[in-house]
Amino acid sequence: MEVKKSVRFREDVNVDKGSTSQMTDTKDTSDINELALALAKHAIDAAVKSVEAEHPVKNINWITHGEFTAERGCKQIEEFVSKWEYQGRWVHYTEFLRREDVIHSFYYIYCVHWSIPTARIPIAQISAGVYFTIKINKNKPPDAPIDVSYVFESQRLVHRPGMTRFREKWLRDIIEAKHILIDPNIFQFNSIGIFQNILGF
């Protein structure tokens, strides 16, 4: 005996209802994203203000194109470097290296040599260099400020006065790398802190 069943499927698809729920989900997601972005921006702004309040970036009033000479540039760099925070055992001197004539500008290149003399080694054999470039544009008026940038030896990041805070660690890293190049055995002892004692860190 064969029994036949009649089955009928009924699909209720409300296209408008489905699109509304999807739109609500998208709206909720965009609201959450906007809130998250606003909170992140607020947190970053607060952190930057806190760091700037604790450790302000120091700068000086730089001379203008009309007031510039190579000697005055050297004095300005000395004045700027004296604003940096570093331990008293560091000594430095600034030397004028050269002037480069480019198409529309003159580049005045200076080097500030840093070292740590000790009682055992009063004349340091290794120094760290910070290279300053003062750009004098031939087409700018005499009352325009000079353009100053600097890089630390063996680094590529170009710094501008008033934009980044000096870190003494940058100089220590340069000197430590040079010591390791001169005497590779120091690298083996560095893990137990002998290297810091040799340099007086």
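Author: Here is a walk through the sheet, strand by strand.

This is a predicted model, where local features need pLDDT of at least 70, side-chain atom pairs count only at pLDDT 80 or more, and totals for chains, interfaces and linings use all residues. Residues are numbered from 1 along each chain as its sequence is written, and side-chain values use heavy atoms, leaving out hydrogens and water.

Start with the layout. Four strands make an open sheet, ordered β1-β2-β3-β4, with antiparallel pairing. Strands, at least two residues of E, and helices, at least four of H or I, are DSSP runs numbered from the N terminus. Two strands pair if DSSP finds at least two bridges between them. β1 and β4 each have a single partner strand, so one side of each lacks a neighbour in the sheet. From one strand to the next, the twist averages 20°.

Now the pairings. β2 and β3 are joined by 10 bridges. Trp114 has Ala128 in β3 as its bridge partner. Ser105 stands opposite Asn137, also in β3. β3 and β4 pair over 6 bridges. There, Ile134 has Val148 in β4 as its bridge partner.

Next, the helices. α3 lies across β2, β3 and β4, at about 120° to β3. Such angles run from 0 to 180 degrees between N-to-C directions, with axes being lines fitted to C-alpha atoms, for helices over the stretch in contact. Contact means heavy atoms within 4.5 Å.

β3 is mostly covered, with 7 of its 10 residues buried. Buried means under 20% relative accessible area, exposed over 50%, and partly exposed in between, using a 1.4 Å probe and protein chains only. Beyond four places in sequence, Ile134 contacts residues including Phe68, Ile77, Tyr110 and Val148.

The largest nonpolar core has 31 residues, and Trp84, Tyr110, Trp114, Val130, Phe132 and Ile134 have the most contacts inside it. Two or more residues come from each of α2 (70–82), β2 (105–115), β3 (128–137), β4 (147–152) and α3 (168–182). Such a core is a set of buried Ala, Val, Leu, Ile, Met, Phe, Trp, Tyr and Cys residues joined through side-chain atoms within 4.5 Å.

Finish at Arg98, in strand β1 (residues 91–101). Arg98 counts as partly exposed because its relative accessibility is 41%. Not counting residues up to four places away, Arg98 touches Tyr107, Tyr108 and Ile109. Arg98 and Tyr108 are 6.1 Å apart, C-alpha to C-alpha.
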